[in-house]
Amino acid sequence: MSVKESGSGNTDHRIRPVARILTDFPTKFGIPRQSGLTGELESRIVFEPEFSNPDAVRGIEEFSHLWLIWEFSEAKRTKWSPTVRPPRLGGNVRKGVFATRSPFRPNSIGLSCVKLEKVALDESDSPVLYVEGADLMNGTPIFDIKPYIPYADCHLEATGSFTEYSKDHHLNVEFPQELLERIPEESREALIAVLADDPRPAYQNDPERSYGMPFGEKDIHFRVDGDILRVYNVTEFVKKQQESSADCGK
């Protein structure tokens, strides 16, 4: 293990999860590409026993948004590549890994901004943070939680390079009512928002191709033709052994 001296004493390079997030995404497919794009999505952050202390979140309810620092726990590789292929560029244009938010990085660390809805102190696993807009898989380890500070964290003059070309990408969702009724009512709006953001890899555009997107306890089956996403079936989700994602980036 690498330990080095610093001005404030010894620094141990190990980091460990302080919490885990519980979401409606049991697999990687369908997870929003960025946090905050589908604000209707509600998640729960549950602390590890060692850090499950109400004093550790004292005052956090005074902030509207939080930064989550977390691990791409399902996107690990033994080697890293200096370039990746962002999906919104069609999967065939390479950018430097540090110029993207690709999950395949030298250190598999992610950063997300979420809206804090409430802090629960009266549940069996309290304290629990209820947040909206997370782009994380169910069970993702959270390394740290920090408050979002508007005057320091918001830069209205910022530019977004290639991401500016894809931020308005949107599909029209056709979801038959009889199928929509198989989804818990409180989750329907969030699911439609996720589908409208187009969960497919950007390089897959075959209108005849069928997709299955796990969401909560359901598997959502759909096809996409042009800018129309049509849901044609909703079944019970059965978790399968997941393969590693292709070379991509956020």
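1. Ile-21 has Ile-45 in strand 4 as its bridge partner. The two strands involved are strand 3 (residues 19–22) and strand 4 (residues 42–47), which pair in the antiparallel sense over 4 bridges. Strands pair if DSSP finds at least two bridges between them. Strands (E, at least two residues) and helices (H or I, at least four) are DSSP runs, numbered from the N terminus.

2. A word on the basis. This is a predicted model: local features need pLDDT of at least 70, side-chain atom pairs count only at pLDDT 80 or more, and totals for chains, interfaces and linings use all residues. Residues are numbered from 1 along each chain as its sequence is written, and side-chain values use heavy atoms, with hydrogens and water left out.

3. Axes are lines fitted to C-alpha atoms, for helices over the stretch in contact; angles run from 0 to 180 degrees between N-to-C directions.

4. Another 4 strands form an open sheet in the order 11-14-13-12, with mixed pairing. Strand 11 (172–174) and strand 12 are its edges, each pairing on one side only. The twist averages 35° from one strand to the next. Helix 3 packs on this sheet and touches strands 11, 12, 13 and 14. The direction of helix 3 makes about 140° with that of strand 12. Contact means heavy atoms within 4.5 Å.

5. Strands 12 and 13 pair in the antiparallel sense over 5 bridges. Pro-214 has Asp-219 in strand 13 as its bridge partner.

6. The largest nonpolar core has 22 residues. Such a core is a set of buried Ala, Val, Leu, Ile, Met, Phe, Trp, Tyr and Cys residues joined through side-chain atoms within 4.5 Å. Phe-175, Leu-191 and Ile-220 are among those with the most contacts inside it. Helix 3 gives the most to this core, with 4 residues. Apart from it lies another core, of 21 residues, including Ile-45 and Trp-70.

7. Phe-175 deserves a look. Leaving aside neighbours within four places in sequence, its contacts include Leu-180, Leu-191, Ile-220 and Val-231.

8. Is Ser-187 buried or exposed? Ser-187 counts as buried because its relative accessibility is 13%; buried means under 20% relative accessible area (1.4 Å probe, protein chains only), exposed over 50%, partly exposed in between. Ser-187 lies in helix 3 (residues 185–196). Beyond neighbours within four places in sequence, Ser-187 is in contact with Asp-24 and Phe-215.
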